[in-house]
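Subject: Structure handover, pockets

Hi,

Here is the structure for you to look at. My notes on its pockets follow below.

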Amino acid sequence: MDKKIYLLAAALAAVLSSNAQNMTNPVPQIKTANGTVQGVTEASGIQSFKGIPFAKPPVGDLRWKAPQPADNWTGVRKTDHFGPQAMQQHLYSDMIFRSDGKSEDCLYLNVWTPAKTGKEKLPVLVYFYGGGFRTGDGSEGRYDGESMAKKGIVALTVNYRLGVFGFMAHPELTKESPNHASGNYGLMDQHAALQWVKKNIAAFGGDPEKVTIAGESAGSMSVSAQMASPLSKGLFRGAIAESGALLGNLSPTPLAVAEQAGVAFAAKIKAASLADLRKISADSLLKWGANGRFGCTVDGYFLPQQPQEIFAAGKQMHVALLAGWNSAEGDYKGILGKNVAATPENYKAALERLYPGKGAEVLQQYPAATKEEIIASGNALASDRFIAFSTWKLIDLQTRTQTAPVYRYIYTRPRPKLATEAEAPTGAVHSAEIEYAMGNLHYNKTYAWTPEDHKTADVMHAYFVNFIKTLNPNAAGLPEWDSMQSKGTKKVMVLDADSKGMPDNTVARYALMDGLIK
């Protein structure tokens, strides 16, 4: 065979083979406002785009500044792997990241879409990870968006700055800011991602008018912050808050207090100026800031007032809300004390220590006649003191001050007992519901999931999917879930292997807690 003919035939065969492969597993490309991205078609047919930049790298002079619009690029940018995680210490063994290392250059998001044409106008989910604003990453398997995408939703996870990088306030930062504010950079990162969604999600087959934001723990607090911020109006229509809100006992720090904490931190590490702070390497800053607590701030810009004041005045976003918490967010042993026997006498003494002169009043709402009751009431009280009360406050004020539907749940399914555990879990611990809600039990290999776990997950995932699509969790075949505005007896959805609506018996309990927090 003539060499030219041979080469031509070989090239044609390669093209045909490539085309056949692309027809089976096509390589998707999407044109965004900044440039074209190339993702991956998963075995399920879902298209994923990982590591899309939504803002400039917040490094150098951009450290501790509001996120800036991402740079444009030419050609095709491969988005086939997760971008770097935010700078952080590894604090929790159950956080398993798939990210490309860690870096101060961390402002990337990930998209999973079932769309084929880019004209589908599908509902959109934007999920913010938890981790106490100190750790977490959008690459975690429990947040993976493929399961949501299989149900007809365009799903995203978003990275945001953490710890000292994301939340430090300082007088010099306030002075240089055009908004006369400092701190809350992580919250502003989330806001920038929502702006990116508004501008770009239609190209991925999503409807920018049908966005729901969601998160757990710090991610749930972030949801409440986005609802409260005047900057986010119009960027989403629904919100899902799993365990946490910036209200009640978790209200943000006033700016002046946060600024002084920043001054003290700078003095501790011998940084005489903001310029000195920006010269410190990211690794050194992370090491020095590891023991500091840098949280959300009433900065006068992103959060012009305390979120609780904003909600009480009805100035928050009037969006549909699905929210709740787990039955054992905290542990009864945290109430009794370490190695203290669960007896009524010890429990009463613990309440009097925690609430001097009001122990008997607290006991009425958190009774403890038997060991079993001590465990249940102790878990409930520890949960309220930790994170449940703040979530209740969010639900209560959202229900009182606007007309969009609000749905409340209590998640009670304990994880299966591990071989290394001395005793079975006494309830659903903090963060236990995430894999169930997101349809991602298969990503967590730590537990031997039972048919009851899968049943719980099927129902909870269906509720979340329905809410994201219609702002109503209900659908045929599911137990009826009343909104908080329903007439008659208010019911709370108890999520477990046998999910069902139950009358709300916590009114007096939270009236008491509300008074104690004030």
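H14 gives the most to the lining of the second largest pocket: 6 residues. Helices (H or I, at least four residues) and strands (E, at least two) are DSSP runs, numbered from the N terminus. A pocket here is an open set of points on a 1 Å grid over the protein atoms alone, where a 1.4 Å probe fits, with protein on both sides within 12 Å along at least five of seven lines; lining residues have an atom within 4 Å of a point.

This is a predicted model: local features need pLDDT of at least 70, side-chain atom pairs count only at pLDDT 80 or more, and totals for chains, interfaces and linings use all residues. Residues are numbered from 1 along each chain as its sequence is written, and side-chain values use heavy atoms, without hydrogens or water.

Back to the second largest pocket. It holds about 610 Å³ of space, a volume being what is filled by probe spheres set on the points, which are joined across faces, edges and corners. It is lined by 26 residues, with Ala380, Ile410, Asn505, Thr506 and Arg509 closest to its centre. Elements supplying at least two lining residues each include strand E14 (406–411) and helix H17 (507–517).

Now the largest pocket. Its volume is about 970 Å³. It has 47 lining residues; Tyr92, Ser217, Phe386, Ile387 and His430 lie nearest its centre. Helix H6 (218–228) and helix H14 (371–401) are the elements that give two or more residues to this lining. H14 has the largest share, 3 residues.

Best wishes
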